[in-house]
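Morning, everyone. Sequence and structure are coming up now.

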Amino acid sequence: MTLHIPFDNSYARLPPQFYTQLPPTPVSAPRILAFNDDLAHGLGISAADATDIAAVFAGNAVPEGATPLAQLYAGHQFGSFNPQLGDGRAILLGEVIGTDGNRRDIQLKGSGPTPYSRMGDGRAWLGPVLREYVVSEAMHALGIPTTRALAAVATGDTVYREMGALPGAVLTRIAASHLRVGTFEVFAHRGQIDELRTLTHYAIKRHYPNADGPLGLLEAVAAAQAELIPAWMSVGFIHGVMNTDNCTISGETIDYGPCAFMDNYHEARVFSSIDQIGRYAFGNQARIAVWNMAQFATALIQQIEDRDVAVQDATKIVHAMPAQLQAAWVRRFGRKIGLEDATSADQPLIEALLALMQEDGADFTNTFRALGTGTARDHFVQRDTFDEWTARWAKRLQSEGAPEAVMASANPVLIPRNHRIEQMIEAAVAGDMAPFERMMAAVAKPFEVNPSFTDLQRPPTTDEIVPATFCGT
Ligand code: AMP
Ligand code: MG
């Protein structure tokens with residue numbers, strides 16, 4: 001074995017109630033499709049030949065020092081509590097401490113059945129694996145907290161989904177941790193207070209060493225989520241399944257399923273085919289973050305003796321979130337129109353632009369980028385109204401130092417558009433990885449204008465539009 005991973009597995013040192021130890025299930029014919037050399041380097045993973053990389057990240061070879069396990073958790077899915085979920089198709093190999101000093105999980109996704117698989121096959125198909133690879137790396141390049149992609153391996157096995165027989169794949173995901181609101185919910189729901197306390201201590205030590213007890217943890221996670229969701233919104237990102245089991249304690253984006261970046265702006269935009277009522281619509285994401293933190297609070301306070309006081313304190317923390325979300329939203333969107341430090345007084349100006357973009361079906365990414373280059377007018381139908389808005393905007397910009405520079409660093413040129421992702425997946429299924437590689441090269445530098453990627457900036461034509469992202473992951 002030429003591959004060395006310097007494991008230090010803190011989660012596996014927790015009591016056995018937190019997980020089930022089991023190795024990944026081997027696949028027929030592992031073949032490496034993508035490997036993130038830079039990320040591997042930063043994690044202290046030594047260079048290795050392609051055969052070893054494929055074997056390890058397909059789950060066929062368990063590297064030395066790994067303690068493979070499936071984590072237990074529960075979660076509210078679309079608002080309903082599911083008392084037991086857990087890693088149904090993922091295996092945590094272990095943790096490494098990167099060259100930056102931070103501890104990270106190495107997890108295989110699509111690595112075979114576990115005791116938590118319920119009706120699932122424990123597998124993933126190539127499409128969602130490549131979507132998560134591209135979108136998580138794009139989010140990282142955009143400066144948004146996220147899990148990352150280390151490897152994608154083809155399994156040589158067939159996976160069956162609604163769409164038929166599909167090529168199987170395994171994604172290796174790197175995360176600050178895989179602790180989620182649902183990890184707390186499972187023990188709170190079962191009345192396992194000792195485990196809840198152990199988990200709280202573990203989470204504080206790992207993520208927020210300065211947090212004071214369960215309520216300190218709640219406050220820290222709520223603050224992280226209140227930063228994360230406006231960051232998503234500022235690039236037109238719709239997560240699609242922000243259930244409590246997909247809501248991390250670290251504040252990283254996790255589980256890229258039926259997610260997408262919006263093309264034309266609409267507040268009520270939904271991409272997930274299973275989200276019938278728009279629970280996770282673009283403009284509802286901030287409210288959902290608050291709802292998720294209310295579930296986190298409910299779980300955490302089960303360990304506090306003086307329950308009445310705890311309820312009051314936790315309520316205060318959750319009720320403070322809308323203001324935090326709004327402040328972060330104003331700051332993010334303010335930068336998108338060139339304001340270095342926008343305040344709530346600037347909110348009407350930002351909202352007026354968004355309202356006009358929505359009415360005119362303006363492309364989110366391209367319109368904001370065009371603001372900085374003076375070409376935004378072309379993106380509107382109601383040009384008189386846009387001119388009126390521009391007059392207000394120009395007045396406000398008078399007190400700004402370098403609005404162009406602020407806009408250039410807040411408005412990406414390139415996001416991985418949904419129709420391009422679908423085309424890339426189609427090509428990959430047919431054995432052509434070139435569109436994937438090209439897309440990865442493009443999204444790695446999202447704020448740079450690169451003429452060779454102009455086609456990837458273009459919104460979909462009518463027949464290219466992919467209206468929904470299916471959950472058949
Ligand atoms: P997700 O929607 O990917 O966050 O998954 C929600 C839950 O369903 C988690 O417990 C997953 O492990 C489980 N799950 C999703 N897909 C599968 C599958 N193909 N096989 C087994 N479990 C799955
Ligand atoms: Mg999940």
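I'll go through the two ligands in turn. Keep in mind that this is a predicted model.

Start with ligand 1. Where does it sit? The space it takes is the largest pocket. How many residues surround it? There are 17. The closest are Gly86, Gly88, Arg118, Gly122 and Asp255. Sort the shell by class, and you get eight charged, seven polar and two nonpolar residues.

Now the polar contacts. Gly88 uses its backbone: a polar atom there is 2.7 Å from an oxygen atom of ligand 1. Arg89 works through its side chain, with a polar atom 3.1 Å from a ligand nitrogen. And the cover? Ligand 1 taken alone exposes 480 Å², and the protein buries 81% of that.

On to ligand 2, the magnesium ion. Which protein atoms are its donors? Asn246 gives OD1 and Asp255 gives OD, at 1.8 to 2.2 Å from the ion.

Asn246 has 7%, so it counts as buried. Asp255 has 15%, so it is buried too.

That's the tour. Over to you.

Methods: Residues numbered from 1 in each chain as written. Chains lettered and ligands numbered in written order. Predicted model: local features only at pLDDT ≥ 70, side-chain atom pairs only at ≥ 80, totals over all residues. Heavy atoms only, no water. Near = heavy atom within 4 Å. Polar contact = N/O pair within 3.5 Å; in protein donor to acceptor, adjacent residues only side chain to side chain. Areas by Shrake-Rupley, 256 points an atom, 1.4 Å probe, with all protein chains shown as cover. 1 Å grid on protein atoms, 1.4 Å probe; cavity = no way out; pocket = protein on both sides within 12 Å on 5 of 7 lines; lining within 4 Å. Sits in = over half its atoms within 2 Å of the grid points. Nonpolar A, V, L, I, M, F, W, Y, C, P; charged D, E, K, R; others polar. Donors = N, O, S within 2.8 Å, 3.2 Å for Na, K, Ca; no water. Buried < 20%, exposed > 50% of the residue type's maximum accessible area, 1.4 Å probe, protein only.
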